[in-house]
Amino acid sequence: MLKEEQLSRIERIRAFYMDQPVFKHHYGYTRVLRQKLNFMRAYINCIGTESIGPAVTERNRKLLADRPYTARLRLAYAEAAILKNMEPQIGDDELIVGRPDYTPLTEEEKAEYRQLEIAMRGAPNTTRLTLGHMSLDYPKLLRVGVNGLVNEIKTLMEALDLNVPENLSKYEFYEGALMELEALLDLQRRYAEKAAEMAKTATGKRKEELERLHGILLHVPAEPARDFYEALQAVHFYNFNLWELYYFGRVDQYLYPYYEADVKAGRLTYDDAVELFACFLLLPEAYILPNVALDSMIGGTDANGDPVENDVTFIALDAAEIVHAGNGKIALAISKKSSERLLRRAIQVNATGATQPALYNDDVIVEGFMRMGIAPEDAHYYANTGCVEMTPIGKSGLYPCAPYHNMARIFNDVLRANQDAESCDVLLNALAKQLRKEIFEENLTINRRQMERARNGGEPLRVSCLVGDCIKRGKAIDEGGAVYNHIEPTFVGISNVVDSFATLQTLVFDQKRMTVSELIDVIDKNYEGNEALRQYIINRIPHYGTDEPMPDSFAKKVTSIIVDACKGITTYRHSTLVPGTFTYVENGTLGRVTGATLDGRLAGLPLAASSAATAGMETKGPTAALLSATCWDHTPFMGGIVINMKFTPGQMSGENEDNILAIIRTFLERGGMELQFNCVSNQTLLDARERPEQYKDLLVRVSGFSAYFTKLPPDIQQEVIDRNEQSFE
């Protein structure tokens, strides 16, 4: 158990971060204004040869001296300018450091910013694809340091013959990567100086902490990490300035050797490690907007299939319970081999209302990756890199959520085009054809965007330095340098479609009570004058989520259609499509522009938030809900699957802990991919909606991510409220 002074420190840091602009004003996870100003200044003004990095040899400098910068190198130069102009930020209680500078722009800077925005309109538009959403090769960073990356690049760069045309793009990548890495080292140096300055005027324990921090920042991330503390600082320092979602990966695998060595040497205790890791988890609160995911994954199995459970696994869970954070979270990979101790500790943390860890079925994910052709060692070494998207660590150039497909809208379109259908099978076939057409057309757009990124860049090149095999191939992620390059489209509203098929089967083809045309007229009028029919649909027709054979059979068919519709469609990087079914908050965004649906949903309301039952339809208890959610094959959906469950406080603890453990064991046996819990009462949620100022840190699980309830859009708040409170009574 942490000492009172340690707990007090964590609480002070948490309060400090929640007072930062990113949290108070819900800023996006893009560059803050001051950093963007420095980026635009550099991008617009870097035409001259003075910008060529110091790593360029004199021979090659002469070759390049009279040539204008490429768009990719201008991006790298601008990225470096951000780092070189960033003011170090170290708070009074911080042990792990690295935050953006939120100093407001002056009036003169605001005017300059507006002018530069106009000038930037002429720059290549490479922004319309999701950046990040991957886990970098942090074990390599800890082994070799940034200087090791620099030396590796320089060696390859010097060996290039620039009279060979194919080497020019490699040289460009290396040069840009060195610009960014050297700027990162400059930022590290200035952070070390800042810590030394602060130590001069500090007293007591804080003086000792700052002096130690100064020594750490003199060493990492430039050089290999020497202990647990340095490893945490190195990983965070490389990550925080990337301005996007780059996940921390399997922390209990790469941090454990440092922890073990520290404990054996008497340099570190378990509780001190918990405090350091808590500080590490809290930092994203200061620079990542509320209501996204930035996870560290623990557990799972190693390359031999043996379960990974060590002290760092439990340190991470203990820290998660203490910090109660919305952004820096823990994801737990579990399998049939996971110990009861680990599963119970996961339940206990969730029971506090921490909304973590989410549980990922390692058996299913490894099998899914192996089916995709992922190498066995990479199939075991994965992470969730977004809400629930699955990607191999340190080797991925994947695009998740590319794009979100509105299944409810597509279904309604198919319904209108097939009003004379004589069976649900006819409509299922029509849905398959229409979905395939829309996926192909949307993928053309994604391919064009990837093509533009391949020409002009988009991802910071220092990201590629920790993604295999970019350095070896001399290709950035945007050029296809990563080992794996799948695209992951996401399909929203599956449950709405499944229940709509159940309505059709019941009312049209079984009872012959109505025609397809008559039902279309009902939803076109948003059930106006047909409330009794809507209530009949909601309360009398079997729904997905109740373990009823008829709707579950449609769930199997609809998910199979999605998988088949993605097959054989090639991406610009010669890869494939991998579907997902989570929604983030797009179930609200898409629902607002989608008419009424045959499951009783009114126009404009959110679509289903996951691949499990629509909120409120899981009326026969948690086991029935889970059985429906796992009645179809999850392994093709490495783009991410979410199963939501909501329990009232008390239903996850005490004697009910055994019941939750049974639910988890069933989830594993049934082949579910991801399971997440809310432990909160509807009364609390309703009260928080009315008095948000009193519930600033109330966390809920939405669709693969945790969110501060009071910062969610009203319709998403309602969707969370509408989920049934499950109990074992």
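**View 1. Strands E5 and E6 run side by side in the parallel sense.** Four bridges link strand E5 (residues 328-334) with strand E6 (residues 358-361), a parallel pair; helices (H or I, at least four residues) and strands (E, at least two) are DSSP runs numbered from the N terminus, and two strands pair if DSSP finds at least two bridges between them. Look for alanine 331, which stands opposite alanine 358 of E6. Before going on, please note that this is a predicted model, in which local features need pLDDT of at least 70 and side-chain atom pairs count only at pLDDT 80 or more, while totals for chains, interfaces and linings use all residues. Residues are numbered from 1 along each chain as its sequence is written, and side-chain values use heavy atoms, with hydrogens and water left out.

**View 2. The open sheet has six strands with mixed pairing.** Their order is E3-E4-E5-E6-E12-E11. At the edges are strand E3 (249-250) and E11, each pairing on one side only. Helix H14 (residues 311-323) packs on the sheet, where it touches strand E4 (294-299) and E5, and its direction makes about 140 degrees with that of E4. Here contact means heavy atoms within 4.5 Å; axes are lines fitted to C-alpha atoms, for helices over the stretch in contact, and angles run from 0 to 180 degrees between N-to-C directions. In the loop between H14 and E5 sits histidine 324, with a positive phi of about 50 degrees although it is not a glycine.

**View 3. Helices H18 and H22 meet.** The axes of helix H18 (residues 407-417) and helix H22 (residues 494-510) come within 8 Å and cross at roughly 30 degrees. H18 is therefore roughly parallel to H22, a term for angles under 35 degrees. Met407, Ala408, Phe411 and Leu415 of H18 make the contact with Ile494, Val497, Ser500, Phe501 and Leu504 of H22.

**View 4. Two cis peptide bonds in loops.** One joins valine 220 and proline 221, with omega of about 5 degrees; proline 221 lies in the loop between helix H9 (204-219) and helix H10 (228-240). Another joins glycine 468 and aspartate 469, with omega of about 0 degrees, and aspartate 469 belongs to the loop between helix H20 (461-464) and helix H21 (470-473).

**View 5. The largest cavity has a volume of about 140 Å³.** On a 1 Å grid over the protein atoms alone, a cavity is a set of points where a 1.4 Å probe fits but cannot get out, and lining residues have an atom within 4 Å of a point. Grid points are joined across faces, edges and corners, and the volume is the space filled by probe spheres set on the points. Of the 16 lining residues, Ala612, Ala613, Glu618, Asn644 and Met645 are the closest to its centre. E11 gives the most to this lining, with three residues.

Terms used:
On a 1 Å grid over the protein atoms alone, a cavity is a set of points where a 1.4 Å probe fits but cannot get out, and a pocket is an open set with protein on both sides within 12 Å along at least five of seven lines; lining residues have an atom within 4 Å of a point. Angles under 35 degrees count as roughly parallel, over 145 as roughly antiparallel, 65 to 115 as roughly perpendicular and the rest as oblique.
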